[in-house]
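This briefing is meant for a reader who is meeting the structure for the first time.

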Amino acid sequence: MDEPGTDHVNWCPSGDAHRPESLVLGVRSGEHGNVVYLDAPVPAADVLPSIPEGIAPGRVLRFASHCTSACANRVGDDCGLIRRIQTLPAPRDSGPVPRCHLRPRCKWWNQTGVDACHRCPALATLNSADDRLAELVADPATTVEQLESWIAEAERTK
Ligand code: SF4
């Protein structure tokens, strides 16, 4: 198995479930769908067949796969997705970060450090929290300035 830490590439913690190297990073659980991280990587190919037809794998699991230069979120060597996520208000809980088998090779960790780890578990919950905001964050065409402006306007009209 191609485990994080035994190769020399950065891994994406918001990865594609269907790539050959894909691993299960964690399980979405609870009312808000926050991610509970697995202690050890499990090949995505081992669990995908057990997900019922009609359910998108990303609705129940988070996957990790290689960070590739072809990703629409790449901005030079950086990940634009975690940059946009960092534009959102910081999570209230900034205590210890969860154990995560991906961390040593995680693109987000390597780019931003522990701030990404605080935000990572709730990433999947953005959709239920605010659809328009989630769309903007997910869209590689959205600039940090546009996001900041949208958030400021939303705060102003609350
Ligand atoms: S650029 Fe970001 S979103 Fe794209 S593969 Fe790399 S870590 Fe994942």
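This is a predicted model: local features need pLDDT of at least 70, side-chain atom pairs count only at pLDDT 80 or more; totals for chains, interfaces and linings use all residues.

**The chain as a whole**

- The chain has 8 helices and 6 strands, and, read from the N terminus, its elements follow the order β-β-β-α-α-β-β-β-α-α-α-α-α-α.
- Of its 158 residues, 27% count as buried.
- When contacts between residues at least 6 apart in sequence are considered, 69% of them join residues that are at least 24 apart.

**The sheet**

- An open sheet is formed by 4 strands in the order β1-β4-β2-β3, and the pairing in it is antiparallel; its edge strands are β1 (11-12) and β3 (34-43), each of which pairs on one side only.
- The antiparallel strands β2 and β4 are joined by 4 bridges, with Phe 63 in β4 as the bridge partner of Val 24.
- Strand β2, which covers residues 23-29, also pairs with β3 in the antiparallel sense, over 6 bridges, and here Val 27 stands opposite Val 36 of β3.
- Strand β4 is largely enclosed by the rest of the structure, because 6 of its 6 residues are buried.

**The nonpolar core**

- In soluble globular proteins, nonpolar side chains tend to be buried together.
- The largest nonpolar core of this model contains 25 residues, and those with the most contacts inside it are Leu 25, Phe 63, Ala 64 and Trp 108.
- At least two residues of this core come from each of β1, β2, β3, β4 (61-66), α3 (80-87) and α4 (107-112).
- Phe 63, when residues up to four places away in sequence are not counted, touches Gly 15, Asp 16, Ala 17, Ser 22, Leu 23, Val 24, Leu 25 and Ala 44.

**Helix α3**

- Which residues of α3 are buried? They are Leu 81, Ile 82, Arg 84 and Ile 85.
- These residues lie on the same side of α3, because they cover an arc of only 155 degrees around the axis.
- An α-helix has 3.6 residues a turn, so residues three or four places apart point the same way.
- The elements against which the buried residues of α3 pack are β6 (78-79), α4, α5 (114-119), α7 (131-138) and α8 (144-156).

**Arg 19 in its loop**

- Arg 19 is located in the loop between β1 and β2.
- Is Arg 19 buried, exposed or partly exposed? Arg 19 counts as partly exposed, because it has 16 C-beta neighbours inside 10 Å, whereas a residue would need 20 or more to be buried and 12 or fewer to be exposed.
- Once its neighbours within four places in sequence are left aside, Arg 19 is in contact with Ser 65 and His 66.
- Arg 19 and Ala 64 are 45 residues apart along the chain, and their C-alpha atoms are separated by 9.3 Å.

Technical notes:
Residues are numbered from 1 along each chain as its sequence is written. Two strands pair if DSSP finds at least two bridges between them. A nonpolar core is a set of buried Ala, Val, Leu, Ile, Met, Phe, Trp, Tyr and Cys residues joined through C-beta atoms within 7 Å. Two residues are in contact if their C-beta atoms, placed from the backbone, lie within 7 Å. The arc is that of the directions from the helix axis to the C-beta atoms.
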